[in-house]
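I opened the model and went through it place by place. My entries follow in the order in which I looked things up.

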Number of protein chains: 2
Amino acid sequence: MSTPTKYLLQESQMPKFWYNIQADLPKPMPAVLHPGTMQPISPDDLAPLFPMSIIEQEVSTEREIEIPEAVREVFRLWRPSPLFRAHRLEQALGTPAKIFYKYEGVSPAGSHKPNSAIPQAFYNAQAGVRRLTTETGAGQWGSSLAMAGQIFGLDVTVYQVRVSYDQKPYRRALMETYGARCVASPSAETEYGRRVLAEHPDHPGSLGIAISEAVEIAAQREDTKYALGSVLNHVLLHQTIIGLEAMEQMQMADAWPDVVLACTGGGSNFAGLAFPFIGHGLRGGTAPRIVAVEPSACPSLTRGKYAYDFGDTAHLTPLTKMHTLGSTFTPPGFHAGGLRYHGMAPLVSHVRELGLMEAVAYNQVDCFAAGVAFARAEGIVPAPEANHAVKGAIEEALRCKREGKAETILFNLSGHGHFDMTAYQRYFAGDLKDESYDERELAQALSGLPSVPA
Amino acid sequence: MSTPTKYLLQESQMPKFWYNIQADLPKPMPAVLHPGTMQPISPDDLAPLFPMSIIEQEVSTEREIEIPEAVREVFRLWRPSPLFRAHRLEQALGTPAKIFYKYEGVSPAGSHKPNSAIPQAFYNAQAGVRRLTTETGAGQWGSSLAMAGQIFGLDVTVYQVRVSYDQKPYRRALMETYGARCVASPSAETEYGRRVLAEHPDHPGSLGIAISEAVEIAAQREDTKYALGSVLNHVLLHQTIIGLEAMEQMQMADAWPDVVLACTGGGSNFAGLAFPFIGHGLRGGTAPRIVAVEPSACPSLTRGKYAYDFGDTAHLTPLTKMHTLGSTFTPPGFHAGGLRYHGMAPLVSHVRELGLMEAVAYNQVDCFAAGVAFARAEGIVPAPEANHAVKGAIEEALRCKREGKAETILFNLSGHGHFDMTAYQRYFAGDLKDESYDERELAQALSGLPSVPA
């Protein structure tokens, strides 16, 4: 028999702690600033939006943070997730490289997003919160929080970017199946939404606007908090279960990665896989190369500026230092909806500035071609977001082929594409273009970054 | 820690043999008849459609038939599949019953169908076949055969029922992602298709018509064979890997089912789970109750006649004795497309006549309600077909609650519903009706059954 295809951990081998990379970084992150005073915020400033247990995780520098047993119990519905050896893809590419992928599409929502939705719902329920608001683009985060809210008895309202709300009714149906209420954003339910609609009644919406709406409602109501699916430190922390499991599984396979790749939008699935490996290197272990793969139509890491910026369009959020295209930047309508965000997680940005990772950008047509090659070899059809990681891994494998190197490649297959088949259909019909942003619009968005006292 | 949520087998524990129930039945199946002579067919009569290795499996009475290593190697992409204990559903129902489910939605195509598509493609490739034709309704079988054909280097043409082709473009996109050609049926590519279109240019198609088209092409071409996704003995044989794994996993859980349930359309996922348990009973082991759950709008087991009938509409197939609603019966357009077939697998029908199983029918609105309750408890959103099994299992669990019995229930969750979210959307909008057939049409279809010499 050949070497195994899958490496499976038993439920008893599921990590009991998340890994906090802040404990091992040579330099602390830049402060988060209050949008009014431009002074560092205190935990209390975040209290209207998040329960204190989550705020503590947001600012913690402890290396290990315990995963509550109630959270682990829900995780058992799909975790530990499998690690695959891509035997057939290696053969198809004729590469001497060994390719491994961690597969997060086994969750009921089909992506890695429940890894943070479940603990966020748990901590809110524990704090007596009754309702959660959030935003969603394509719906991966919204459906994950809907599931989590249902499990812990919280009402969930999801502000979904209108263009997705109209064009992707199945993901909305998934949110409703889990009992959430889904509202097209911009909506008439918030002051900010009404303001946008007054100016542009047909506004297609954006993630930045939807965040503003969700935050506005949560800030106003005593029993309501807000939940974000990426970008923030605690979300990245929750996702590290991916990399912690993958490290165990690589050892089962008697292998260790030379290079680790994941796609980046807000940064959560990337950080989830990469941070435990980076930390291993920072503590003296063998450090793989770490590569973030982003869409060339929304290239915050490769074309953005490392500067203080807002997380939303209405400028209700605190200011964080991050790689940003500017909060007024509107990415073109390419298919990897989960990667259409103007900024990068401040913690990922900081790690990048410390020289601990690389970044590369690919266009969507090349990424879909990579996804189809992957599906035909491995069976699983990747989500459009995950196609970026697949593309990055294939490029590394072909480099190994050219260089005659038998390196070990590990990437994160963050979700399946069963909700995104219309994008594949457009790809086969030749209707998919390499969407690119307007250089002038980018320059304008970057010139409008808030000025912050040094 | 509570008892585990999942019971996982290692790849090395995957069954090496399929189980053939024909070896253990007290009475052999009725003969299959040639449509021209009305005499029992010989293996040679099937040779235009299937390679000899598959025909041998179709007529074999050996108890154990080896799974080729090349097939097992592909199975490792998702098998062994997990067995779950439905802790949260039990709690939600307040039942003393233990509920287990075998989950086949982990396959890349999202259902149990690749369990037969992979070996069928393998045996055809081994016999030098270059092209396969098949039919599909909603697309679960078509996408599975598309994937299998891609893996073993076969061209696959799928005749898809036109109404599904038009209304469910995502499953078509999945077939194309795997490299198959998808044709709306009735089509102008076959004599029979042209005949149907001449009479009804807007014909919405049916599974029976699509089978006729796929069979017609395969019968005409030397390098082309036909593949069917259910009904036939060899398909049921291939699916027994489900039940064989489940038996191992129930032992891991230190439990044994009192009742085993699965939904039935053509019968393959039902036979796959149930036959190994029935066989265990026939050989003197503890026999669970076995329950087939069918849609009340297409109730072949509960309302059909046990009689010889054709498998297709054009009457190109051999005659088999089965529970049938008549080959001219057109089921109403309910959402569980995989259960819309006029007949039941002859082997399942025979097992039913031998008194080794029960059957029950539920309407689709009740089944969707059961599916939503399941999704809210367990996370996974079932396919509309699988909702029938969920409904059956919930009814058994509620019976246990009424009777105060702590029975063990096992059912097959044959696929996920991520491709079927529009059906859930219609359910929440209140647009879903309890479709029922026309009693007069059923009577007419049954009166038109072919007469066969005794």
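Entry 1, a loop residue in chain B. I found Met38(B) in the loop between strand S2 (17–19) and helix H1 (43–46) of chain B. Helices (H or I, at least four residues) and strands (E, at least two) are DSSP runs, numbered from the N terminus. Met38(B) is not a glycine, yet its phi is positive, about 60°.

Conventions. I noted that this is a predicted model, in which local features need pLDDT of at least 70 and side-chain atom pairs count only at pLDDT 80 or more, while totals for chains, interfaces and linings use all residues. Residues are numbered from 1 along each chain as its sequence is written, chains are lettered from A and ligands numbered from 1 in the order in which they are written, and side-chain values use heavy atoms, with hydrogens and water left out.

Val231(A) has a positive phi of about 70° and is not a glycine either. I placed Val231(A) in the loop between strand S9 (224–226) and helix H11 (233–239) of chain A. Its relative accessibility is 11%, so Val231(A) counts as buried (buried is under 20% relative accessible area, exposed over 50%, partly exposed in between, with a 1.4 Å probe and protein chains only).

I looked up the bond joining Arg79(B) and Pro80(B), which is cis with omega about -10°. Pro80(B) sits in the loop between helix H3 (69–75) and strand S4 (83–85) of chain B. The bond from Ser185(B) to Pro186(B) is also cis, with omega near 5°, and Pro186(B) belongs to the loop between strand S8 (181–185) and helix H9 (191–199) of chain B.

Among the buried ones I listed Arg171(B), Arg172(B) and Met175(B). Gly179(B) follows H8(B) and has a positive phi near 90°.

Glu216(B), in helix H10 (residues 207–220) of chain B, is buried without a salt bridge, and the nearest side chain of opposite charge, Arg194(B), is 5.2 Å away. A salt bridge here is a side-chain nitrogen of Lys or Arg within 4 Å of a carboxyl oxygen of Asp or Glu; for charge, Lys and Arg count as positive and Asp and Glu as negative, with His and the chain ends not counted. The side chain of Glu216(B) reaches the backbone nitrogen of Tyr192(B) at 2.9 Å.

I then checked Glu385(A), in helix H17 (residues 384–403) of chain A. Glu385(A) is buried with no salt bridge, and its nearest oppositely charged side chain, Arg171(A), is 5.9 Å away. Beyond four places in sequence, its contacts (heavy atoms within 4.5 Å) include Gln140(A), Cys263(A) and His335(A).

His335(A) is buried, at 14% relative accessible area. Besides Glu385(A), it touches residues including Lys168(A), Phe368(A) and Arg426(A), leaving out those up to four places away in sequence.

Chain A can be laid on chain B with an RMSD of 0.0 Å by a turn of 180° and a shift of 0.0 Å along the axis (least squares on the C-alpha atoms of residues with pLDDT of at least 70 in both). That is the relation of a two-fold axis. The same surface serves both copies, as 100% of the contact residues of chain A recur in chain B.

Definitions and conventions. A polar contact is a pair of N or O atoms within 3.5 Å; within protein, one must be able to donate a hydrogen and the other to accept it, and residues adjacent in sequence count only if both atoms are side-chain atoms.
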